[in-house]
Amino acid sequence: MLKLKVPKMTCGHCASTVTTAIKTVDADANVEIDLTQQQVAIESSADAAALSAVLVEAGYPNESA
């Protein structure tokens, strides 16, 4: 499981955008959002770098949590 800290993720709309971006890389990914901690946990067979990169492209810089 990949856990990322996403500091710009602050609301439900952000969470939806993050989830949608991840699903473009892996439609079957399991995405868990924790807005209070600004973290996303991703269970996916996709490459971690690709998942991180797609979030950056969507406007959500991130780092390993």
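Buried means under 20% relative accessible area, exposed means over 50%, and partly exposed lies in between. Keep these cut-offs at hand. The model is predicted.

**Exercise 1. Classify Ile33: is the residue buried, partly exposed or exposed?**

Step 1. Take the value: Ile33 has 30% relative accessibility.
Step 2. Conclude: Ile33 counts as partly exposed because its relative accessibility is 30%.

**Exercise 2. Place Ile33 in the fold and find its bridge partner.**

Step 1. Find the element: Ile33 lies in strand β2.
Step 2. Find the neighbouring strand: β2 pairs with β3, residues 39-43. The pairing is antiparallel and runs over 5 bridges.
Step 3. Read off the partner: Val40 in β3 bridges to Ile33.
Step 4. List the contacts, leaving out residues up to four places away in sequence. Ile33 touches Met9, Ala15, Val18, Thr19, Gln39 and Val40.
Step 5. Check a distance: the C-alpha atoms of Ile33 and Ala50 are 18 Å apart. In sequence, 17 residues separate Ile33 and Ala50.

**Exercise 3. Work out the order of the strands in the sheet, and name the edge strands.**

Step 1. Count the elements: the protein has 2 helices and 4 strands.
Step 2. Follow the chain from the N terminus: the elements run β-α-β-β-α-β.
Step 3. Go across the sheet: the order is β2-β3-β1-β4. The sheet is open, and its pairing is antiparallel.
Step 4. Look at the ends: β2 (30-34) and β4 (63-64) are the edge strands. Each of them pairs on one side only.
Step 5. Recall how pairing works: strands of a sheet pair through backbone hydrogen bonds.

**Exercise 4. Why is the protein called as compact as a globular protein of its length?**

Step 1. Recall the elements: 2 helices and 4 strands.
Step 2. Compare two values: the radius of gyration is 10 Å, close to the 11 Å that the globule rule gives for 65 residues, so the protein is as compact as a globular protein of that length.
Step 3. Turn to contacts between residues at least 6 apart in sequence: 64% of them join residues at least 24 apart.

**Exercise 5. Describe the surface and the charges.**

Step 1. Take the burial: 34% of the 65 residues are buried.
Step 2. Take the area: the accessible surface is about 3,700 Å². Carbon and sulfur atoms account for 49% of that surface.
Step 3. Take the charges: there are 4 positive and 8 negative ones. Their mean positions lie 8 Å apart.

Notes
Residues are numbered from 1 along each chain as its sequence is written. This is a predicted model: local features need pLDDT of at least 70, side-chain atom pairs count only at pLDDT 80 or more; totals for chains, interfaces and linings use all residues. Side-chain values use heavy atoms; hydrogens and water are left out. The radius of gyration is taken over C-alpha atoms; the globule rule is 2.2 Å times the number of residues to the power 0.38. Buried means under 20% relative accessible area, exposed over 50%, partly exposed in between (1.4 Å probe, protein chains only). Contact means heavy atoms within 4.5 Å. Accessible areas come from the Shrake-Rupley method with a 1.4 Å probe; for residues, only the protein chains shown count as cover. Lys and Arg count as positive and Asp and Glu as negative; His and the chain ends are not counted. The place of a charge is taken as NZ of Lys, CZ of Arg, CG of Asp or CD of Glu. Two strands pair if DSSP finds at least two bridges between them.
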